Structures are given as structure tokens and as C-alpha cells.
Amino acid sequence: MPRRLAAATVLLLLSGAPASANEFERVRPVTNDATRKECGECHMAFQPGLLPAGSWTRIMDGLDDHFGEKASLPPGPAAEIRAYLTGNAAGRGDPALLRITEQRWWLREHGFRPEVWLRKDVLSKANCEACHRDAARGLYDD
Ligand code: HEC
Ligand code: HEC
């Protein structure tokens, strides 16, 4: 998405919310090839630092029914990805929640009017790149 649009989005949505320092402004980009490939097929490959290890474990345990999709992997890549995600996981967050978009810190940063999520250029809360144009590089501070 062009930068102008992203900036407009932020202006539109912020409406006076205080800018606060956040440890998630920058997360380390995905450096594992298997993760980039297998977990980047249907959506951006989410960075391991966005969820605690317990959430990643549960996601990897449930790939047969992954938010309604079948995302199962052969044992080799599955083990590699599991080790990478849990080994580089966030130090905070609720491991009982599978979604980044259900984590308390995420909800705090994204308390927008409901119609925002229905916009054609957004469509899903998980579509980070609709608003964070450098999300794939782990940059969320724009
Ligand atoms: C076959 C397609 C597919 C593959 C492959 C896939 N996913 Fe997903 N994933 C989805 C769908 C669909 C959703 C739900 C998206 C939504 O709510 O808009 C999702 C959501 C997620 C979410 C939650 C996003 C949120 O709302 O916070 C995480 C985390 C996630 N996937 C991780 C992974 C990981 C890790 C892998 C690789 C092991 C992977 N996905 C591979 C389809 C896939
Ligand atoms: C509809 C637009 C939109 C979507 C979709 C969206 N965000 Fe955001 N996000 C924002 C806005 C606006 C802010 C607050 C302004 C800012 O600090 O950049 C924000 C803030 C953040 C922050 C805090 C950044 C900071 O500076 O402290 C993180 C991290 C973040 N988002 C991650 C994500 C992730 C991960 C996803 C996808 C799972 C996502 N966002 C989806 C608009 C969005």
C-alpha cells in the first residue's frame, strides 16, 4: 500500500490517542526460511516476537484446523518452524490466546471504530500490512 494511504489511515484512526513507547514497535523480522515460506503462503509470516511461546506451541499443535484452514506440514519443517517460533517468542502476552489480534496489548493499540475492519483495503484484523506497510520487516512504528 502506498505510503500516503498508510499515513492517512493512521491519522484517521488515531484521533488523539497518546503515542506511547511500546516494545512491539519493532520486532525482529522472520529469519527462518521454512517459516517464511510455509507460514507466509496465506498471510504475512507473522514474526515470532508477536506471540509468547505457549501460543506458538498451540498454533503448531493445531495446524490441521488452523482458523478453519488446513495448514498441516510434514514433520521435518513442522519441527523446525516450531523450534524457531518458540525459541524467538515474545516475553509477554497470554499463551492461552492463539491470536495476536486477541492479545491485550494489541487490542489496546487497535481500539478503532468497528467499521474500520470492514473497509475493503483492510477486511481482517490479521491483515497487518493493510496499515503497517513495513510489517513484513517487523516495523510497526509508522
Ligand atoms: C492454508 C493457509 C494458511 C497457512 C499455510 C497458514 N495460515 Fe495462519 N492463518 C490462516 C487464516 C485463514 C487465518 C485467519 C485470518 C483472519 O482471521 O483473517 C490465520 C491466522 C493466523 C494467526 C492469527 C492472526 C491473528 O489474528 O492474530 C497466526 C498467529 C497464524 N495464522 C500463524 C501461522 C503460522 C505460524 C503458520 C505456519 C506454520 C501459518 N499461520 C500458516 C491461514 C493460513
Ligand atoms: C486498520 C489498520 C491496522 C491494522 C489492520 C493493524 N494495525 Fe497495528 N496499528 C495501527 C495503528 C493506527 C496503530 C497506532 C499507531 C502507531 O503507533 O503506529 C497501530 C499500532 C501497532 C503496534 C504498536 C506500534 C507502536 O508504535 O507502539 C503494533 C506492534 C502493531 N500495531 C502491530 C500490528 C499487527 C501485528 C497487526 C496484524 C496482526 C496489525 N498491527 C494490524 C493500525 C493497524
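Predicted model: local features only at pLDDT ≥ 70, side-chain atom pairs only at ≥ 80, totals over all residues.
Good morning, colleagues. I begin with Arg137, which counts as exposed because its relative accessibility is 52%, above the 50% cut-off.

Arg137 has a partner, Asp134, and the two side chains meet in a salt bridge with an N to O distance of 3.3 Å. Is Asp134 buried or exposed? Asp134 is buried, since its relative accessible area is 18% and the cut-off for burial is under 20%. The pair also belongs to a network of salt bridges that links Arg133, Asp134 and Arg137.

How many salt bridges does the structure hold? There are 9. I shall describe two more of them.

One is formed by Asp61 and Arg82, whose closest N and O atoms are 2.8 Å apart. This bridge links distant parts of the chain: Asp61 lies in helix α3, residues 53-61, while Arg82 lies in helix α4, residues 75-87, and 21 residues separate the two. Asp61 is exposed, at 54% relative accessibility, whereas Arg82 is partly exposed, with a relative accessible area of 28%.

Another joins the side chains of Asp121 and Arg119, at 3.1 Å from N to O. Here Asp121 is partly exposed at 32%, and Arg119 is also partly exposed, with a relative accessibility of 24%.

I turn now to ligand 1. The space it takes is the second largest pocket. Which residues come nearest to the ligand? Of the 21 residues around ligand 1, they are Cys39, Cys42, His43, His66 and Ser124. Helix α3 gives the most to this shell, with 3 residues.

Several polar atoms of the protein lie beside the ligand. In the side chain of His43, an N or O atom is 2.8 Å from a nitrogen atom of ligand 1. At Ile100, a polar backbone atom is 2.7 Å from an oxygen atom of the ligand. At Thr101, an N or O atom of the side chain is 2.6 Å from an oxygen atom of ligand 1.

Where is Thr101 found? Thr101 is in the loop between α4 and α5, the latter being residues 104-109. With 11% relative accessibility, Thr101 counts as buried, because that value is under 20%. Which residues does Thr101 contact, once its neighbours within four places in sequence are left aside? They are Trp106, Leu107, Lys125 and Ala126.

Thank you for your attention.

Note on methods. Residues numbered from 1 in each chain as written. Chains lettered and ligands numbered in written order. Heavy atoms only, no water. Salt bridge = Lys/Arg side-chain N within 4 Å of Asp/Glu carboxyl O. Helix = DSSP H or I, 4+ residues; strand = E, 2+ residues; numbered from the N terminus. Buried < 20%, exposed > 50% of the residue type's maximum accessible area, 1.4 Å probe, protein only. Contact = heavy atoms within 4.5 Å. Near = heavy atom within 4 Å. Polar contact = N/O pair within 3.5 Å; in protein donor to acceptor, adjacent residues only side chain to side chain. 1 Å grid on protein atoms, 1.4 Å probe; cavity = no way out; pocket = protein on both sides within 12 Å on 5 of 7 lines; lining within 4 Å. Sits in = over half its atoms within 2 Å of the grid points.
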